[in-house]
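Look through the structure below, part by part.

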Amino acid sequence: MTATPLLSDLTARAKAKAHTHRLSPEPSPCPCPTHTLADRPDATVVRHADTVAKAHAPTTTPTDLTPRLATATHLPDLLLSPLTPTPALLHDRLVTFWPYGTPVDPDDPDAAPWEEAATLLARLHRTPAPTPDLPPMRGPAKAAQAVARLRAAAPHPATSPVLRAWTTLPAWARAAAPMPDTTTLCHGDLHLGQLVRHPAPDGPWRLIDVDDLGVGVPAWDLARPAAWYACGLLHPDEWTRFLNAYRTAAGPAVPADGDPWPALDVPARALTVQTAARAVTKAVDQDRPLDEVEQSLVDACVRMGSLPPQLASSSAK
């Protein structure tokens, strides 16, 4: 990977922060390991020793990010707390610093913390937002961005069914109207990559990534595993474990018993469209056919386009 000025300078910032945080001077040469965890247009993330530095998306503003950082600081039993409560500026990008946590092991699916994730979500959804200026949860906006990128991509046979499924969704799920819930605290982009153990290596699980944190419809946080289950990509036992743990923790997104799908259907459809749109856009960019998983998402969009959301509770699973 070629080091860009942002990546090089972010690495230097991470090294400096790591040794300030550890209250020990940086040795020369520093023997601590440095890793690039992500280097994408929307996020660059590096780790040095026990410190992680993140350069947020270029469109991120202090007005949105600062209250999200404050929320994480106020809720350390649910969210990983930043090392500093305000972002820094580097190459016109907002930068935050975090303690390192052990992520979910992708090579050990049997150890996936479905119950822990669901319990954290339920507790988050039952917690009043600690700051009055917390912006809306960004889930619908991210789905709309994925669809916009698909529309701008070169033509593909799968584009039409994905866009047709998108048009069946209510305006709030397409970020075209306010969400019907404007008070419930939500993560906004829940998947297993958003959990770490802190302190590393085997501390309690915490939610990470506050970029989409905000107030909104809590069912959105259950939508990705619900969508995977509906598309046949998540084993029914894992979905049941997740849903039962959320209900046991008195999560408000679904009824305490009975069919959860009326509450989950619209967000699950939106996440299916978002994921399919990203998959098709990526396939177009790479000039390759859809793989099996990507095709299953498009197939789900085909079914969604012929079945109105309000009818899905009896047949989406």
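A residue counts as buried when its relative accessible area is under 20%, as exposed when it is over 50%, and as partly exposed in between (1.4 Å probe, protein chains only). By these limits Glu115 is partly exposed, because its relative accessibility is 30%. The model is predicted, and local features need pLDDT of at least 70, side-chain atom pairs count only at pLDDT 80 or more, while totals for chains, interfaces and linings use all residues. Residues are numbered from 1 along each chain as its sequence is written, and side-chain values use heavy atoms, with hydrogens and water left out.

Side chains of opposite charge can pair when their charged atoms come close. A salt bridge is defined here as a side-chain nitrogen of Lys or Arg within 4 Å of a carboxyl oxygen of Asp or Glu. The structure holds 11 salt bridges. In one of them Glu115 meets Arg241, with 2.7 Å from N to O. Helices (H or I, at least four residues) and strands (E, at least two) are DSSP runs, numbered from the N terminus.

Which residue forms a salt bridge with Asp209? The partner is Lys54, and the closest N and O atoms are 3.2 Å apart. Asp209 lies in the loop between strand S9 (205–207) and strand S10 (214–215), whereas Lys54 is in strand S3 (residues 51–55), so the pair ties together parts that are 155 residues apart in sequence. Lys54 is buried, with a relative accessible area of 13%, while Asp209 is partly exposed at 22%. The backbone of Asp209 deserves a look as well: its phi is near 70 degrees, a positive value in a residue other than glycine.

A further salt bridge joins Glu294 and Arg288, at 2.9 Å from N to O. Glu294 is buried, with a relative accessible area of 9%, and Arg288 is partly exposed at 25%. Elsewhere, salt bridges that share partners connect Arg138, Lys142, Asp189, Asp212 and Arg224 into one network.

Next come the aromatic rings. Rings of Phe, Tyr and Trp (its six-membered ring) pair if their centres lie within 6.5 Å; planes under 30 degrees apart count as stacked, over 60 as edge-to-face and the rest as tilted. The structure holds six aromatic pairs. One of them is edge-to-face, because the rings of Trp172 and Trp220 have centres 6.1 Å apart and planes at 65 degrees. Trp172 sits in the loop between helix H5 (159–167) and strand S7 (185–186), and Trp220 in helix H6 (residues 220–230), so that the pair links distant parts of the chain, 48 residues apart. Both residues are buried: Trp172 has a relative accessible area of 15% and Trp220 one of 4%. Ring pairs also link Trp114, Tyr229, Trp239, Phe242 and Trp261 into a cluster.

A charge can also sit over a ring, which requires NZ of Lys or CZ of Arg within 6 Å of the ring centre and within 35 degrees of the ring normal. Lys17 lies over the face of Phe97, at 5.6 Å from the ring centre. Arg47 lies over the face of Tyr100, at 3.5 Å from the ring centre.

Now turn to the strands. Strands of a sheet pair through backbone hydrogen bonds, either parallel or antiparallel. Here two strands pair if DSSP finds at least two bridges between them. Five strands form an open sheet in the order S1-S2-S3-S5-S4, with antiparallel pairing. Strand S1 (34–40) and strand S4 (88–90) are the edge strands, each pairing on one side only. Six bridges join S1 to strand S2 (residues 43–48). Thr36, for example, has Val46 in S2 as its bridge partner.

His91, in the loop between S4 and strand S5 (93–99), has a positive phi near 50 degrees. The peptide bond from His198 to Pro199 is cis, with omega near 0 degrees. The bond from Ala200 to Pro201 is cis too, with omega near 10 degrees. Pro199 is in the loop between strand S8 (195–197) and S9, and Pro201 is likewise found between S8 and S9.
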